[in-house]
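This briefing is meant to be read with the sequence and the model side by side. It goes through a few local features in turn, grouped by topic.

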Amino acid sequence: MSETVHVVCAACGAENRVPRTRLADRPRCGRCKTSLLPGTPVEIDTRTLERLVARDGLPLVVDFWAPWCGPCRTMAPMFEAAAQTLTPSVRLAKLNTQDHPDAAQALDIRSIPTMIAFRGGREVARTPGAMDARAIVAWAREALS
Ligand code: ZN
């Protein structure tokens, strides 16, 4: 029997069990058929963030950003490029702190962009400021190793 990983669907919240050996095969949600690990950062709200942190079996890196923030917009394509490299061993998500200020407040985020790495239900690292794709990948691997 192969080991399975809990993968929470960012679209509908369903918990999927995916064999670890199948994570790279673009698994889809059993309920809503959305791609679970699309290789691009998924947009999440506060509730989905809480669910991913608490219930998902994969390490998670979240970019906290806002539309009015210039460095955030500069970093967006870098974060997308990093997602291609890190998926499926790490999930990458983006949370718009203008639309969801409660998440930024709960996590005491003082400047954006800020990236936070979560593993095993808790924050393991955070870093403020924009980074290029290579630095994001290196930081995530170091934080989650
Ligand atoms: Zn779903």
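This is a predicted model: local features need pLDDT of at least 70, side-chain atom pairs count only at pLDDT 80 or more; totals for chains, interfaces and linings use all residues.

**Helix H1 and its surroundings**

At the start of H1, the backbone nitrogen of Arg 47 has a side-chain oxygen of Asp 45 within 3.3 Å of it.

*Two sides of H1*

- Helix H1 covers residues 46-55, and the buried residues in it are Thr 46, Thr 48, Leu 49, Leu 52 and Val 53.
- When the helix is viewed down its axis, the buried residues of H1 fall within an arc of 160°, and therefore they line one face of the helix.
- An α-helix has 3.6 residues a turn, so residues three or four places apart point the same way.
- On the other side of H1 the exposed residues are Arg 47, Glu 50 and Ala 54, and Arg 47 is also the residue whose backbone nitrogen the side chain of Asp 45 approaches.
- The cover over the buried residues of H1 includes the strands S1 (4-8), S4 (60-65), S5 (91-96), S6 (114-119) and S7 (122-128), together with helix H3 (101-106).

- The side chain of Asp 56 reaches two backbone nitrogens, that of Val 8 at 2.6 Å and that of Leu 58 at 3.0 Å.

*The zinc site*

- Which residues hold the zinc ion? Its protein donors are the SG atoms of Cys 9, Cys 12, Cys 29 and Cys 32, which lie 2.3 Å from the ion.
- Along the chain, these donors follow the spacing C-x2-C-x16-C-x2-C.
- The angles among the four donor atoms run from 103 to 114°, and the site of the zinc ion is tetrahedral.
- For comparison, the ideal angle for four tetrahedral donors at a metal is 109.5 degrees.

*The disulfide*

- The structure holds one disulfide, which joins Cys 69 to Cys 72 with an S to S distance of 2.3 Å.
- The torsion about the S-S bond of Cys 69 and Cys 72 is about 85°, and so this disulfide is right-handed.
- Both partners count as buried, Cys 69 at 3% relative accessibility and Cys 72 at 2%.

*Ala 76, in helix H2*

- Helix H2 spans residues 70-86 and includes Ala 76, which counts as partly exposed at 24% relative accessibility.
- Ala 76 and Glu 142 are separated by 66 residues in sequence and by 21 Å in space, taken from C-alpha to C-alpha.

Key. Residues are numbered from 1 along each chain as its sequence is written. Side-chain values use heavy atoms; hydrogens and water are left out. Donors are N, O and S atoms within 2.8 Å of the metal (3.2 Å for Na, K and Ca); water is not among the atoms, so sites may look incomplete. Four donors count as tetrahedral if all angles lie between 85 and 135 degrees; four count as square planar and six as octahedral if opposite donors are over 155 degrees apart and all others between 65 and 115; anything else is irregular. Buried means under 20% relative accessible area, exposed over 50%, partly exposed in between (1.4 Å probe, protein chains only). Helices (H or I, at least four residues) and strands (E, at least two) are DSSP runs, numbered from the N terminus. The arc is that of the directions from the helix axis to the C-beta atoms. Contact means heavy atoms within 4.5 Å. A polar contact is a pair of N or O atoms within 3.5 Å; within protein, one must be able to donate a hydrogen and the other to accept it, and residues adjacent in sequence count only if both atoms are side-chain atoms. A disulfide is a pair of cysteine sulfur atoms within 2.5 Å.
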